[in-house]
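Hi,

Here is the structure for you to look over. My notes follow below it.

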Amino acid sequence: MEAVAYADSPFRTQARYLAWRSVVRTARQPIMIVPTLVFPLFLLAINASGLSAATEIPGFPTDSYLTFALAFPFIQGSIFATNTAGTNLAEDIQNGFFNRLQLTPMRGSSLLAGQLAGVLMVAIVQAITYLLVGLAAGAHFEAGIWGVPVLFALSFAISAGFGAFGLFVGLRSGSGEAVQGLFPLMFVLLFLSSASLPRDLIQQDWFQTAATINPVSYVIEAVRSLFVTGWDGEALALGFIVASSFFVVSMIAASFAMRERLERT
Amino acid sequence: MTAAPRITDRASRRRRYIYAARTVFWRHMHFVFKRPALLLPAMIFPLFFYMAFAGGLSGLSDVPGFDYYDYNAFQFTFVLLQSAAFGGVFIGFSIGADFDSGITRRLFLAVHDRSAVLAGYGAAALVRALMVWAIVFGIALLTGMEVAGSFADLVGLIWLAVVVNVAAFLFAAGMMTRFRTMQAAPAMQIPMFMILMTAPVYVPRDLIEGWVATATEYNPFTAIVESGRSLMAGDPFHVLLAFAAAFGLFALMVIFARRGLRKAEAALA
Amino acid sequence: MTDSTKLNGNRRDTDGIEVIDLVHVYKKGPKAVDGVSLRVGPGEIYGFLGPNGAGKSTTVHILTTLLPPTDGTARVAGYDVRTEGRAVRDEIGVALQEAALDPFLTGREHMRLQGGLHGLVPDQIKPRADALLERVGLSDAADRRVGGYSGGMKRRLDLALALVHGPRILFLDEPTTGLDIQSRTALWEEVEGLADDEGVTVFLTTQYLEEADALADRVGIIDQGKLVAEGTPAALKAEIGRPTVEARPAEDVPLERLEAALARFGEPLPSDHGGAAVRLAEGTGELAEVVRALDSEGIEFADLQLHAPSLNDVFLAKTGRSLEGAGEEEPTGEEPIPEPAAA
């Protein structure tokens, strides 16, 4: 039997195979999934209890710090997506699997799309878990049932953005350690935001300025608005714009890095 | 592994012990100073936490019942003790890496008393912690932190941090001599993180609600943090209790580390 | 060999490799390939032999389009590697020095992925994968994750993956490094089968003399980026010299009788072991004659040894160094991309 091939393996076909691989290998590595669920929830449990007094601050928007803080794990979980996507790709480069892919007709764009599939799989599991655990622990979800798809869409957009950034770093550096080294930077971005208190209640001017400049504040506020306020058009619009812009910029950077890495004659 | 010949002269034994510990100490310091990527996170993270907590959560000082004199100082004390604890744990990474590479086996073969190897690492942990405290203290003062305690109070606070650092180091040493690989790093970090985060981090104990409030009642680190804050405020409170808790942890960890060392010696023999 | 794995049996004239004055200089300086010229005919097994750091892997990376040449030309399957890389990749199968497999996927899943990326029709992938896995002896392990495979199993899977899309030319970069004798022999048999039965052209790099000797129709010896010798293993060895026979007489046999008997077969040589030695005039085939002659004259011997030149002797003659133990770490095929400032 002679091998019969398509004249040109379309992007869709390649992306489907690579996405399947990304999902399978992510699912087979519990270490990629469990800590990204457990650690943010643990931190939420600590903060919800330890910072419950914050609701006494005049002007605090809710009487439940748990409801206020539930946005935090969504963002923190998305940061782990940077690791997942970037580390997997960097490992492929380091161990030579990338060379194997280079020797096929594979397009770089299909590899990027495929890698993000694994990220989005984890994002789905995370979003469902955080929401269910938060509601079970007593948090309110002001936006109601119609807010759930919006919450998930926002969460996916954020995860995709961080995932694409991880792909960029993985491709540029070819090193899993470099991707891991991003984690503290991401943590800094997360904390120098309105994650712990609303921006207008931050007393230190420099911190308030930093939180205002920090795009992570807007995605946190967008997610939070669904829990605390319900339907805040401005917050949601800003959150989606920031998340989408981050995703687009990161994907462009990742595409350039892919073109360079995938250089073949 | 054959036993080293007995050295009967006490002064000579002491000299050899110090020499061995100093060699391990210098090797570690030389190694990390040549690789800023290893040194900087341990320095930057405490600074970052101070800025994030003191800067981002300063509004908590408006909560009714919060009567500490300065939120910056409130958080500085926690960050100091947190960096003392994590500074001890970070050295565990180096111990684990040296086990992975086989250098620890060489060190164990070379020295008469193998606890000198751990002593060297412990000294490095303390020196690194002192450097971090100096930097964080300087930045905190520059950014407006008020110090209400006297010089003696601050010395007491530093001593408390030293005991915490040594106890944490001994915990890390005990873990790493048992697991003998850097892969076991989460086994060190997670318990330490849980102990630290179930102390009164953001507000005083009486303003905490929920399960963390219960946890703080039983967490020995609570006494240490509260006493440290009282020293910072110039109003020492339960200092003896705090030192007792710290020394109690220290004593436990000495036993833990010694037993770990015996296990490591047996495994490498 | 099952029919379902048989490639197109018609060998084409273009199923070969042609390299003219190939040069590759890395960005940081080393000239890894320095004017190599060679030609591999369709269906031939060409052994590219040399120590570590000689330029073997760099040459393979160029011919498989992973690296552009700095100078010179190379055509694989009739296509220029520099300008027709896509077409080259469609015609070649490659098993690089590292097996480079995903430890979390099974063998069968690897075949599915590789077949899919090569654009195989979906309902052909499974039967083809099954047949190739059986061919390389991995049917039983096909549904186990590759992370649990031995080195030999990984190499066999690597070979199966290189064949999934039916290539005409196969590149094997040190395929048996680190394998035990059994695994190595099994792989050799497989490679021979591909060339003999299916007309696949094989370009094989190796640092093992016996591998080149056993497998290759022709051998090219590379050292420090240059091709220092090329030919069939027998011809290369014959260039260096003829084999010698050395014998030690039994206790009661005078040495002079043995020397006189051996002298009929070639040029006498000094012996270091208290015996007699001669360089055979006709070659290895004379050994049987030597034994018969000694037997017919009633000359008993305590020990008889045949010393034939090896490819190592060829390398030694051409370079002044022994192939075994020579060489250093070869630059990898990838040129480092600068670290990003942000990370």
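Is Ala21(B) buried or exposed? Ala21(B) is buried, because 22 other C-beta atoms lie within 10 Å. (Buried means 20 or more other C-beta atoms within 10 Å of the residue's own, exposed means 12 or fewer, and partly exposed is in between; C-beta atoms are placed from the backbone.)

Before the rest, some ground rules. This is a predicted model: local features need pLDDT of at least 70, side-chain atom pairs count only at pLDDT 80 or more, and totals for chains, interfaces and linings use all residues. Residues are numbered from 1 along each chain as its sequence is written, while chains are lettered from A and ligands numbered from 1 in the order in which they are written.

Back to chain B. Ala21(B) sits in helix 1 (residues 10-34) of chain B. Helices are DSSP runs of H or I, at least four residues, numbered from the N terminus. Leaving out residues up to four places away in sequence, Ala21(B) touches Ala116(B), Ala119(B), Gly120(B) and Ala123(B). Contact means C-beta atoms, placed from the backbone, within 7 Å. Gly122(B) is 101 residues from Ala21(B) along the chain, with 9.0 Å between their C-alpha atoms.

Next, chains A and B. 23 residues of chain A are in contact with 25 residues of chain B. On the chain A side, helix 2 (30-50), helix 9 (182-191) and helix 10 (205-213) each supply at least two residues. Helix 2 of chain A gives the most, with four residues.

Last, chain C. It is divided into domain 1 (3-237) and domain 2 (242-308), with bounds from an automatic or database domain assignment. The C-alpha centres of these two domains of chain C lie 44 Å apart.

Best wishes

Terms used:
Two residues are in contact if their C-beta atoms, placed from the backbone, lie within 7 Å.
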